[in-house]
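Please open the model in your viewer and keep the selection tool at hand. The tour goes from one selection to the next and says what is there each time.

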Amino acid sequence: MREKSLEYHSLHPKGKIQVVPTKPTRDSFDLSLAYSPGVAYPCLEIKENPDLVYEYTNKGNLVGIITNGTAILGLGDIGPSAGKPVMEGKAVLFKKFAGIDVFDIEVNAKDPDDFIKAVKMLEPTFGGINLEDIKAPESFYIEEELIKSMNIPVFHDDQHGTAIITVAGLLNAFEINKKRPSDVKMVVCGAGAAGIAIAELVQHIGIRKEHIFLVDTKGVIHSERTDLNSTKQKYVQKTNARTLADVMQDADIFVGVSVANMVTEDMVKSMAPNPVIFALANPDPEIPYAIAKKVRPDIIMGTGRSDMPNQVNNVLGFPFIFRGALDVRAKHITLEMKLAAARALAELARMEVPDAVSLAYGGEKFTFGPDYLIPKPFDQRVLYHVAPAVAEAAVQSGTARRPYPGRENYISFLEGLMRS
């Protein structure tokens, strides 16, 4: 894999993305329109009416993927340059799955305020900002400040992407095991950006905050700890549980966003009947899928791996969330938009799966149930379910600045976009 990957990235042209003109450049007249003197006319129009930047430039279909390299894809703080291949990879996913153009921006700024200042100054360029691979707790502050000060969508995918797909899976798990969200006990192992975002979002599908137990590298987040930052303090629980093993007893749900092999067979055995485990550490989950299923045949399980059932994969979220947000020119990505994305994914998984999806996965058949809670990334219907749901939620929550043409017309637009 190492040699194949290095060869893949180093073939000419280097890297994974490039800029391609979208207008003719056949002769000198075309060039005079693209640049001087013709380019002056759209410039003057935009000067008189700044909103026309969406009419005469690519701003409305352009997202900035921006990182400082402090928490790169399981590799940690490797710096902005070393994180660039990941940002280019994310750009590929935006383009392939939702037709969105991307500039990746790697910023040499560990100080949160310096990073915020740099991103704010880029607002004229982009229709939206995808913050990526920024370590917690700084990531919470950075996103919050940018949302407050910018009039384009800002979305830290490491937080919200995982949370949205997790919620989609949980909605369908409840359909299968018939548990009431208000009754379940939930354990989240990993109290960084993704873990906190999951704990926040699940409360909006009925899981009670007093039933959510977070575990970090030092154990359960409980009321006697004095080493907690302000974000973790929101999830302090009065409990005698101190270790992951303690708190796993009688838990209905375990979500892991930590490291491999955190969960033992005994911990799984101690969980409540018909438990749910989403072990999302990559590349190796908190407990291997086969071991967990062997210990508890009644389990509903997902991982972050593509070779196992129920992959919790952020690519099911961010391309389509930004697609819907950009197309109604949303100022922000709201809670309602995130929940709409999760519910749309859950609903899609309950539908009959077309043969085209099966062919994309070697002929494997998929039917809604314990082993198929979440749609597959290569299911082309995801775009046509999630983006409209997000756009509609943007209109309903008051953040859209452009009229929504109705679902049928919008889907026709998306089909044309993906064909072009």
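This is a predicted model: local features need pLDDT of at least 70, side-chain atom pairs count only at pLDDT 80 or more; totals for chains, interfaces and linings use all residues.

Residues are numbered from 1 along each chain as its sequence is written, and side-chain values use heavy atoms, with hydrogens and water left out.

**Tyr 141**

Select Tyr 141, which lies in helix 7, residues 138-149; helices here are DSSP runs of H or I with at least four residues, strands are runs of E with at least two, and both are numbered from the N terminus. Tyr 141 is partly exposed, at a relative accessible area of 35%, where buried means under 20%, exposed over 50% and partly exposed in between, using a 1.4 Å probe and protein chains only. Leaving aside neighbours within four places in sequence, Tyr 141 is in contact with Pro 112, Asp 113 and Ile 116, contact being heavy atoms within 4.5 Å.

**The second largest pocket**

Next select Thr 22, Lys 23, Thr 57, Asn 58 and Asp 101, which lie nearest the centre of the second largest pocket among its 47 lining residues. On a 1 Å grid over the protein atoms alone, a pocket is an open set of points with protein on both sides within 12 Å along at least five of seven lines, a cavity is a set where a 1.4 Å probe fits but cannot get out, and lining residues have an atom within 4 Å of a point. Helix 18 gives the largest share of this pocket's lining, four residues.

**The nonpolar cores**

Now select Leu 170, Met 186, Ile 207, Leu 214 and Ile 253, which touch the most other members of the 80-residue largest nonpolar core; such a core is a set of buried Ala, Val, Leu, Ile, Met, Phe, Trp, Tyr and Cys residues joined through side-chain atoms within 4.5 Å. A second, separate core of 23 residues includes Ala 241, Val 263, Met 271 and Tyr 289.

**The cavity**

Finally, select Tyr 54, Lys 59, Gly 60, Gly 127, Pro 153, Leu 326, Arg 329, Ala 330 and Arg 401, which line the largest cavity. Its volume is about 40 Å³, a volume being the space filled by probe spheres set on grid points that are joined across faces, edges and corners. The structure holds one cavity of 30 Å³ or more.
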